[in-house]
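Please look over this protein with me.

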Amino acid sequence: MDIKASLDNIRQSLPESVTLVAVSKFHSISELKTAYDHSQRIFGESHVQELLVKKNNLPDDIEWHFIGHLQTNKVKMIVPFVSLIHAVDSLKLLKEINKQAEKSGRVVDCLLELHVAEEESKYGFSEEELFELFRSGECDNFKSIRLRGLMCMATYTIDQEQIRNEFRKAKTIFDKIRDEYLTAKDQFSILSMGMSNDYKIAIEEGSTMVRVGSSIFGERDYTSNFNPLE
Ligand SMILES: *Cc1c(COP(=O)(O)O)cnc(C)c1O
């Protein structure tokens, strides 16, 4: 994979207002460094241990986004440095992030994961659960969290219309939350949706942040014993 050429290709197809998160999970530190040397500064990881190893071996001006499912017992390991947590999917997790962020003297940016896909998933809030969360006023208590927006994943399908409909629904819900429930509307400005196979549709439907992995770094090899240092 020619990482620099892939980055150029993708950057050319993104409007200036859309942020590119280079999803680097299961790719080596040297591959990340190649992207870094081509001025990529935002990287997305989904495993805490892997993220820690990479952070410790790469330049300090990288913004690390955590995009995976985050277990509450691992929150404290990433809260001191993480730039954005994408997939917050429960009140319990919000509480733990808030607690650990307060301990580190930080205010941590977070997105709430919205479940729009057809597939059954343990993760993510439904539309109703999100409205209920905002109606309850519970989020106002999290002084060490800044809620920046929503994140979602479309169904894994070749049906482009279905993907489009799911992204469209997410955008509608995002707008409704911002317009009807929030006082700090300006800070609720990130809609993280779109991956290698569907980021173009996501942008057409209002995404402001795309998470692209394999189109930059190539296919991930989940079978070998992965070591980011090799
Ligand atoms: C792995 C992953 C991506 C990137 O997927 P690609 O298809 O490789 O672009 C994006 N978002 C999340 C949440 C991921 O886990």
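Which residues are around the ligand? They are V23, K25, I67, M151, M153, M195, S196, R211, V212, G213, S214 and R220. Keep in mind that this is a predicted model.

**The ligand and its contacts**

Sort this shell by class. It has six nonpolar, three polar and three charged residues.

| Side chain | Ligand atom | Distance |
|---|---|---|
| S196 | oxygen | 2.5 Å |
| R211 | nitrogen | 2.8 Å |
| R220 | oxygen | 2.8 Å |

For R211, a polar side-chain atom faces a nitrogen atom of the ligand across 2.8 Å. For R220, a polar side-chain atom lies 2.8 Å from an oxygen atom of the ligand. How much of the ligand does the protein bury? Taken alone, the ligand exposes 390 Å². The protein buries 90% of that area.

**The largest pocket**

Where does the ligand sit? The space it takes is the largest pocket. This pocket has a volume of about 1000 Å³. Its lining is made of 35 residues. Nearest its centre lie K25, M153, M195, R211 and R220. Look back at the shell: K25, M153, M195, R211 and R220 are also among the residues around the ligand.

Which elements give two or more residues to the lining of the largest pocket? They are strand 5 (108-114) and strand 6 (145-152). By class, the lining divides into 16 nonpolar, twelve polar and seven charged residues.

**The second largest pocket**

Now turn to the second largest pocket. Its volume is about 330 Å³. It is lined by 15 residues. Of these, C139, D140, L182, A184 and Q187 lie nearest its centre. Which element gives the largest share of this lining? Strand 6 does, with three residues. Strand 6 also gives residues to the lining of the largest pocket. The lining of the second largest pocket has nine nonpolar, three polar and three charged residues.

**Two backbone angles**

Finally, check the backbone in two loops. F26 has a phi near 65°, a positive value in a residue other than glycine. Where is F26? F26 lies in the loop between strand 1 (19-23) and helix 2 (29-37). S39 is not a glycine either, yet its phi is positive, at about 65°. S39 is found in the loop between helix 2 and strand 2 (42-45).

Definitions and conventions
Residues are numbered from 1 along each chain as its sequence is written. This is a predicted model: local features need pLDDT of at least 70, side-chain atom pairs count only at pLDDT 80 or more; totals for chains, interfaces and linings use all residues. Side-chain values use heavy atoms; hydrogens and water are left out. A residue is near a molecule or strand if one of its heavy atoms lies within 4 Å of it. A polar contact is a pair of N or O atoms within 3.5 Å; within protein, one must be able to donate a hydrogen and the other to accept it, and residues adjacent in sequence count only if both atoms are side-chain atoms. Accessible areas come from the Shrake-Rupley method with a 1.4 Å probe; for residues, only the protein chains shown count as cover. On a 1 Å grid over the protein atoms alone, a cavity is a set of points where a 1.4 Å probe fits but cannot get out, and a pocket is an open set with protein on both sides within 12 Å along at least five of seven lines; lining residues have an atom within 4 Å of a point. A molecule sits in a cavity or pocket if more than half of its atoms lie within 2 Å of its grid points. Ala, Val, Leu, Ile, Met, Phe, Trp, Tyr, Cys and Pro count as nonpolar, Asp, Glu, Lys and Arg as charged, and the others, Gly among them, as polar. Grid points are joined across faces, edges and corners, and a volume is the space filled by probe spheres set on the points. Helices (H or I, at least four residues) and strands (E, at least two) are DSSP runs, numbered from the N terminus.
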